[in-house]
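Reader: I have just opened this entry and would like to go through it with you piece by piece. Could you start with a single residue and work outwards from there?

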Amino acid sequence: MTILAIESSCDETSAAVSVNGKIQSNVVATQLIHEQYGGVVPELASRVHQQRIVPVVERALHEANIQKNALNAVAFTRGPGLLGSLLVGTSFAKALALALAIPLIEVHHMQAHVLAHFIDEQATPRFPFLCLTVSGGHTQIVLIRDHLEMEIIGQTQDDAVGEAFDKTAKLLNLPYPGGPLIDRYAQQGNPLAFPFPEVEMPGLDFSFSGIKTAFLYFLRDRTKANPDFIAQNLPDICASIQHTLIRILLTKLRKAARQTGIREIALAGGVSANSGLRSALAEMGRQEGWKVYIPKFEYCTDNAAMIAMAAHFKYLKGEFTSQEVSPLPRW
């Protein structure tokens with residue numbers, strides 16, 4: 001069972017090849033053009049995808065030592081994501097599958113992030129397990145009963161935690177992408193230096209819009225009194241805001257684990273690369289008696305290996321799609 005997978009939901013063009021559920025190649029081309037604009041520009045992202053998708057797919061096939069006629073299926077990210085970017089990957093996958101007369105498999109981007117835990121030799125979670133999926137567009141607690149049976153039991157009602165990281169970084173005048181820079185500075189700072197308020201949401205849901213507003217007012221007041229406040233306190237500011245965001249995430253995750261009685265806990269999504277979150281989850285796991293699963297760094301951010309993994313399980317169940325399929329940006 002040889003599958004070519006394509007990921008183009010945002011600003012990474014990626015292709016991967018899996019054989020019987022084992023990843024043979026995973027090529028990721030990151031777009032640097034967005035740095036000068038302080039965020040992803042959708043039109044530019046789709047144009048770069050058009051330029052890169054053919055060479056990225058060719059390299060993935062070459063690294064896997066697979067010829068196109070050996071493929072059994074083509075998988076692609078249908079959504080969620082940027083419409084123009086998704087359209088490039090979807091169109092390419094449809095054309096290739098049609099030309100080779102092989103099945104087409106659509107994949108949900110966030111489902112694929114969860115299934116990244118089943119790549120290669122990683123220790124895999126046992127069902128059922130909870131997964132905290134955190135990215136620039138999503139913050140969810142997902143109950144996974146099987147590879148393709150998932151239920152969202154808690155999610156953000158406004159902004160995602162990844163967006164909160166990036167927006168606070170922008171307020172600090174850090175270059176894009178700012179989330180990783182906050183993580184880097186936070187390692188040198190005091191996480192208790194500056195307290196920030198937390199919005200209390202009912203159940204297992206999250207809210208991050210309030211903390212962004214509070215952070216804006218905090219910087220405005222402090223810089224009015226001292227124009228050099230940010231430069232003089234940058235590590236402590238980053239450590240404090242990161243500590244607050246992580247505490248919000250893990251407080252809800254602990255509540256979900258206690259409510260469900262599940263002790264198998266996983267982390268997924270782009271923000272799962274944050275070192276503070278990874279270490280805090282590991283520590284909470286020790287305190288709560290959880291078995292914690294944290295993905296390798298290369299499978300945290302957007303990549304086609306996780307798309308191939310999701311497609312592998314869909315292939316086994318015969319879940320294919322038709323040539324009439326179109327992208328779903330808000331799937």
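**From one residue to the whole chain**

Author: A101 counts as exposed, at 68% relative accessibility, where exposed means over 50% relative accessible area, buried under 20% and partly exposed in between, with a 1.4 Å probe and protein chains only. Please keep in mind that this is a predicted model, in which local features need pLDDT of at least 70 and side-chain atom pairs count only at pLDDT 80 or more, while totals for chains, interfaces and linings use all residues. Residues are numbered from 1 along each chain as its sequence is written, and side-chain values use heavy atoms, leaving out hydrogens and water.

Reader: OK, and what is the phi of A101?

Author: A101 has a positive phi of about 55° although it is not a glycine, and it sits in the loop between α2 and β5 (104–108). N173 is another residue other than glycine with a positive value, its phi being near 65°; N173 lies in the loop between α4 and α5 and counts as exposed at 67% relative accessibility.

Reader: Which peptide bonds are cis?

Author: One joins G79 and P80, with omega at about -10°, and P80 is found in the loop between β4 (73–79) and α2. Another runs from F127 to P128, with omega near -10°, and P128 belongs to the loop between α3 (109–115) and β6.

Reader: Zooming out, how many helices and strands does the chain have?

Author: The chain has 9 helices and 10 strands, which are DSSP runs numbered from the N terminus (H or I of at least four residues for helices, E of at least two for strands). Of its 331 residues, 53% count as buried, and the C-alpha atoms fill a box of roughly 65 × 45 × 30 Å along the principal axes.

Reader: Which α1 residues are buried, and where does α1 bend?

Author: Helix α1 (residues 42–64) has 23 residues, and its buried residues include L44, V48, I53, V57 and L61. What covers the buried residues of α1 includes β1 (2–7), β2 (12–19), β3 (22–30) and α2 (83–100). The bend, about 45°, is at R52, with a proline, P55, following within four residues; the angle is the one between axes fitted to the seven residues ending at a residue and the seven starting there. Just after α1, N65 takes a positive phi of about 55°.

Reader: What about the largest nonpolar core?

Author: It has 46 residues, and those with the most contacts inside it are L132, L172 and F208; such a core is a set of buried Ala, Val, Leu, Ile, Met, Phe, Trp, Tyr and Cys residues joined through side-chain atoms within 4.5 Å. Elements that each supply at least two residues of this core include β6 (129–134), α4 (161–171), α6 (209–225) and α7 (229–260), and α7 gives the largest share, 15 residues.

Reader: So what is L172 in contact with?

Author: Leaving aside its neighbours within four places in sequence, L172 is in contact (heavy atoms within 4.5 Å) with F215, L219, I230, L234, I237 and C238. Apart from this core lies another, of 31 residues, among them V114, A268, M306 and M309.

Reader: Switching to charges, how many salt bridges does the structure hold?

Author: It holds 13, a salt bridge being a side-chain nitrogen of Lys or Arg within 4 Å of a carboxyl oxygen of Asp or Glu. The side chains of D146 and K317 meet in one of them, at 4.0 Å from N to O. D146 lies in strand β7 and K317 in the segment after α9 (304–316), so the pair ties together parts that are 171 residues apart in sequence. D146 counts as partly exposed at 27% relative accessibility, whereas K317 is exposed, with a relative accessible area of 52%.

Reader: And which residues are linked in a network of salt bridges?

Author: Those are D159, E163, K167 and K212. Elsewhere, E151 and R145 meet in a salt bridge of 2.8 Å, N to O; E151 counts as partly exposed at 34% relative accessibility, and R145 counts as partly exposed at 38%.

Definitions and conventions
Expected span 1.5 Å × (residues − 1).
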